[in-house]
Amino acid sequence: MRQGAAAFLAGLLFAVGLGVSGMTQPSRVIAFLDVAGDWDPSLAFVMAGAVSVHFLAYRVLRRRRRGGGSDAPGLARAPRFPLLADRAVVPTRADIDARLVAGAGLFGVGWGLAGYCPGPALVSLATGSSAVLAFVAAMAAGMAIERFATARGRGETSEQTME
Amino acid sequence: MNEFTAIGAIGPLLGGVLIGLGASLLLLFNGRVAGISGVFGGLLFRKPGDTAWRAAFVGGLLLGGLALVAAHPRAFPPAGGGGSLGLVIVAGLLVGCGARLGSGCTSGHGVCGLSRLSVRSLVATVTFMATAAITVYLSRHLLGAAR
């Protein structure tokens, strides 16, 4: 319940941030991506602001975790971070594989075509726009297609416990 | 190039700070990465016991959207957006498929991954920024898309 409340608040902040930043306006996103044309660089500040804050938070949280007592197997961990969960689930992989590059490449083509990435699209559902609804439905279908296509491959998960 | 002013950067910067705070809150309380495609995808294809926080986060996104519609309608394009229906569907398919294949999107790789100084996220971010810019270049300047 408390986990849900925290996640809800995080989603709410995230959504308002996307709206205030201009990320929910496809024409602005496309103007930002249009480096060879009438380039609008202002959306670079979205990333600058978000990464600055999260970079600092991540450093602080890691330190809290480390300062929280023994991590030796069998010993109880001091539950200092995360506050409401047993452990942090943060990707630790560092390898570059074809899946990563191909996936990011396809993602960028879709992002450039419509000017929507997943967060702004979900937030924009509130407008009731049929184009946004179609985008989100197609996005879910795309996720299902990827899942189906790779179902026979290895049982993949990129999520691992922190450290 | 557009007329770029410091005033014009305030909204994006402030919005970015809120996005960073949202992501930090989720990490602090739930120990999870605020990658929207991962959170949303995990809601579509459920793992037992791992649904509630995802639903709550997406619920926050949706309610945040409603709050914006009420308090800051300029956040959204006046007459919808994203182009024709066919274009939007193709784009959605690519975004959904690509985000899952590449283990993340603008938020997961771009915001959270770069903040962790993840090499994978840096490569993903550079890759999708590049293909998005090339796509915009092709559709706007070579093919002249209806925009």
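This tour moves from the contact between two chains to single elements and residues within them.

The model is predicted, and local features need pLDDT of at least 70, side-chain atom pairs count only at pLDDT 80 or more, while totals for chains, interfaces and linings use all residues. Residues are numbered from 1 along each chain as its sequence is written, chains are lettered from A and ligands numbered from 1 in the order in which they are written, and side-chain values use heavy atoms, with hydrogens and water left out.

Begin by selecting chain B and chain A together: 103 residues of chain B and 107 residues of chain A take part in the contact, where contact means heavy atoms within 4.5 Å. The two chains bury about 9400 Å² between them, 77% of it on carbon and sulfur atoms; this area is the accessible area (1.4 Å probe) lost when the two parts are put together, summed over both.

Next, display Arg140(B) and Asp34(A), which form a salt bridge whose closest N and O atoms are 2.7 Å apart; the term requires a side-chain nitrogen of Lys or Arg within 4 Å of a carboxyl oxygen of Asp or Glu. Between chain B and chain A the count is three salt bridges.

Now colour the side of chain B that touches chain A by element: H1 (6–30), H2 (36–44), H3 (52–71), H4 (85–101), H5 and H6 (119–142) each supply at least two residues, and H1(B) gives the largest share, 22 residues. Helices here are DSSP runs (H or I, at least four residues), and strands are runs of E of at least two, numbered from the N terminus.

Then select residues 106–115 of chain B, helix H5, where nine of the ten residues are buried, so the helix is largely enclosed by the rest of the structure; buried means under 20% relative accessible area with a 1.4 Å probe, protein chains only. Among the buried residues are Thr106(B), His109(B) and Cys112(B). Following H5(B) comes Leu117(B), with a positive phi near 60 degrees.

For the annotated spans, an unreviewed UniProt entry lists residues 6–30, 51–71, 83–101 and 122–139 of chain B as "transmembrane region". Residues 83–101 of chain B are 89% helix and 0% strand, with end C-alpha atoms 25 Å apart, and residues 122–139 of chain B are 100% helix and 0% strand, with end C-alpha atoms 26 Å apart.

Finish at Ser129(A), in the loop between H5 (118–124) and H6 (130–150) of chain A. Ser129(A) is buried, at a relative accessible area of 14%, and a polar atom of its side chain lies 3.2 Å from the backbone nitrogen of Val132(A).

Key
Buried < 20%, exposed > 50% of the residue type's maximum accessible area, 1.4 Å probe, protein only. UniProt positions renumbered as here; feature names shortened; annotations may be inferred. Polar contact = N/O pair within 3.5 Å; in protein donor to acceptor, adjacent residues only side chain to side chain.
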